[in-house]
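Please look over the nonpolar side chains and the aromatic rings of the structure shown here.

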Amino acid sequence: KTKSNILREVLEKGIKENSSPTRGEARWGGGTFTTLHDVGFEDYPELYDKLSLWYHKLAARMAVRAAVHIFTVSEFSKGRIVENYNLDPKNITVTHLAVNNLVPIGIQLSSLEKYGLRQKSYLLYIGRLEPKKNILNIVKGFEMYMRSLRGRPKQSPVNVEIASEST
């Protein structure tokens, strides 16, 4: 099989065999397909402790070297990966992260109740609370949004919720 045929098969059928979610890679046919979310450790090494920085750089270089194709989450990340590892952009596919809108409404409502939330629109951040996650700009953006509502109803039609695991 050619690399483009393998990629087409993976995109059409998905990957079920020989996958390693902890390393973000999957083997299919004649090669390894890798997911590389970003390379922030290359652009902002000061935001990482020495061991984490060493690990991320080593793991990314090994993954990129072994991959016949790379998946990433945005055009921005694709550009940073191309620049940092001198790769051909044709070997990288952007697969945007998405939410499953097919979850039954009863499950959604019970989840809201579990966390004391009301049914309305949310700007939701789920992730670690770290400076590199740019949470401050989420708050600043929401403040700008609230200022844009001047002269409109006092209550925002959107809530900001930040969910993170406590350490």
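Leaving aside neighbours within four places in sequence, Leu53 is in contact with Phe41, Pro45 and Tyr48, where contact means heavy atoms within 4.5 Å. This is a predicted model, in which local features need pLDDT of at least 70 and side-chain atom pairs count only at pLDDT 80 or more, while totals for chains, interfaces and linings use all residues. Residues are numbered from 1 along each chain as its sequence is written, and side-chain values use heavy atoms, with hydrogens and water left out.

Leu53, Phe41 and Tyr48 are among the 12 residues of the largest nonpolar core, a core being a set of buried Ala, Val, Leu, Ile, Met, Phe, Trp, Tyr and Cys residues joined through side-chain atoms within 4.5 Å. At least two residues of this core come from each of helix H3 (50-66), strand S4 (67-72) and helix H4 (75-85), and H3 gives the most, with three residues. Helices (H or I, at least four residues) and strands (E, at least two) are DSSP runs, numbered from the N terminus.

| Residue | Helix | Relative accessible area |
|---|---|---|
| Met62 | H3 | 48% |
| Tyr145 | H6 (residues 135-148) | 29% |

Tyr145 forms a tilted aromatic pair with Phe142, at 5.9 Å centre to centre and 40° between the planes; rings of Phe, Tyr and Trp (its six-membered ring) pair if their centres lie within 6.5 Å, and planes under 30 degrees apart count as stacked, over 60 as edge-to-face and the rest as tilted.

Technical notes. Buried means under 20% relative accessible area, exposed over 50%, partly exposed in between (1.4 Å probe, protein chains only).
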